[in-house]
Amino acid sequence: MSEIIKVGIADINLVSPPNIIRTTGLGSCVGVILYDQVEKIAGMAHIMLPDSSLSKTPTLNEGKYADTAIKSLYDMLIKSGANGKGLKAKIAGGAQMFKFTSGSEMMRIGPRNVERVKEELSALKIPLLASDVGGSSGRTIEFNPENTLLTIKTVNAGTKVI
Amino acid sequence: MDFLKIQPIHLDVLREIGNIGAGHAATALSTMLNKAVDMKVPSVNVISFEEISEMVGGAENVVASVFLRIVGDAPGCMFFMLPVEQAEQLLEDLLVGQTVNLTSGDDSDISLSALQEVGNILSGSYLTSFSDFTGLNLQPSVPATSIDMAGAILSFGLLEISTVSDYAIVIDTAFTDIERQDEVKGHFFLLPDPLSFSKIFHALGVPLDE
C-alpha cells in the first residue's frame, strides 16, 4: 500500500517508494525536490522566503528559507543513505499570485525565491533537471520517487508532469 | 511580537475590531444585494500557517478572493474570500441577467472587475471603521483579485508575519445569507503585520506589557 507523505508550508519531509510526497497550494512559495534515483530516496521542502537573514526570530525554522531548507534537505537525504553526487533536483512554484502596480520587494517574492533556490542548488552542484515556475497560478505538486516524475496541478492550466 | 504577552483582553480588543469592521462590511454587502446578510461573531485565533487554509476548506480548495495591503500606522493584509460558486452567485445577484463564470480563465471578464469592486467596497468599509475605532491612519492599497487555491493565496499574506513567527493572529469573520444560516458565504481575514499589534493595542488603551 502506498501512502502520501505530506509536506506543510515551511516544512521538509523524505519519501521512498512505494510512497509519494505531496505539498498543496504553492503560491509564491517554491517546492524543491531532491532525489537519488539509484537509492530511490527523495525529499521535498516547501520554501516561503529566499534567505534566512530575513528571520527575526531567535530560533530558525530551517524549512522556511531557501538557503537553510536546501542544505537541511540535503543533509537529511545523505543521512538516510542518498549519494550526494547522485542527487538531482526538480522545482515548482514561485508564482506571482497578485499583480500590483506598485511593486514592493515582498510582492516580487516568488521570482526571488526561485532565483535563490537555483543559486543554492548550483552551490551544492545539484543539477536542476526540470522546473515549472513563475506565472500567476497556485500549484499542488506530487513527486513519485519510483519513476522520479513530478506531477503539477493548477486550477486554470490543468495537470502536467515533468 | 511575543504571543506570550497577549492577554485575553487583547484578544477581546481584536475581536471587537473584527466585529465593528465586519459589521460595516456586512451592512454594505446587504445594501448592495438588497437582502439581509448576517455575520458570525468574529473569531480571533493564534494559528499555524497550515491551519489558516483549513478555515476556508483546505490549501487546495479553490476560492475567489480579493486581497489588499493596509498601509499607514498599522500595516497588514486583508482578504475577502469566498467559495467560487458563492462568488458567482453573489455577482449574478449584482449583475442582473448575466451568467457569471469565474473559472473561465478570461481576465478581461467583467465579473472579475465586479468582484474586485465588491471587495473594494467591503474592505473599504471594514477598514474605515477600523480606522475610526482606533484613531489610526490606515489606507487600503488598490485591491487585487485571484481565483485560485486558498493556500497559494493566503500564504502571500503570511510573508511579513513569517519573518517573525510560525504563527499568525487571524481575525476571521464569516458571513452567511440570513435565509440559510448554516451556510457560510464568505470570510473576511484581517492579518495585521507583527509590528502593528502594539500600535493597535496602544491606540485602544491596552498596551502590551513591555
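1. Basis. This is a predicted model, in which local features need pLDDT of at least 70, side-chain atom pairs count only at pLDDT 80 or more, and totals for chains, interfaces and linings use all residues. Residues are numbered from 1 along each chain as written, chains are lettered from A and ligands numbered from 1 in written order, and side-chain values use heavy atoms, without hydrogens and water.

2. Extent. Chain A puts 34 residues into the contact and chain B 30 (heavy atoms within 4.5 Å). The two chains bury about 2,500 Å² between them, 67% of it on carbon and sulfur atoms (accessible area, 1.4 Å probe, lost on being put together, summed over both parts). B:Phe156, B:Leu159 and B:Thr163 supply 25% of the area that chain B buries against chain A, more than any other three residues.

3. Two salt bridges are counted between chain B and chain A (Lys or Arg side-chain nitrogen within 4 Å of an Asp or Glu carboxyl oxygen). One salt bridge joins the side chains of A:Lys64 and B:Asp166, at 2.6 Å from N to O.

4. Aromatics. The whole structure holds eight aromatic pairs over all chains (Phe, Tyr or Trp rings, the six-membered one for Trp, with centres within 6.5 Å; planes under 30 degrees apart are stacked, over 60 edge-to-face, the rest tilted). Ring pairs join A:Phe98 with B:Phe67, B:Phe79 and B:Phe156 in a cluster.
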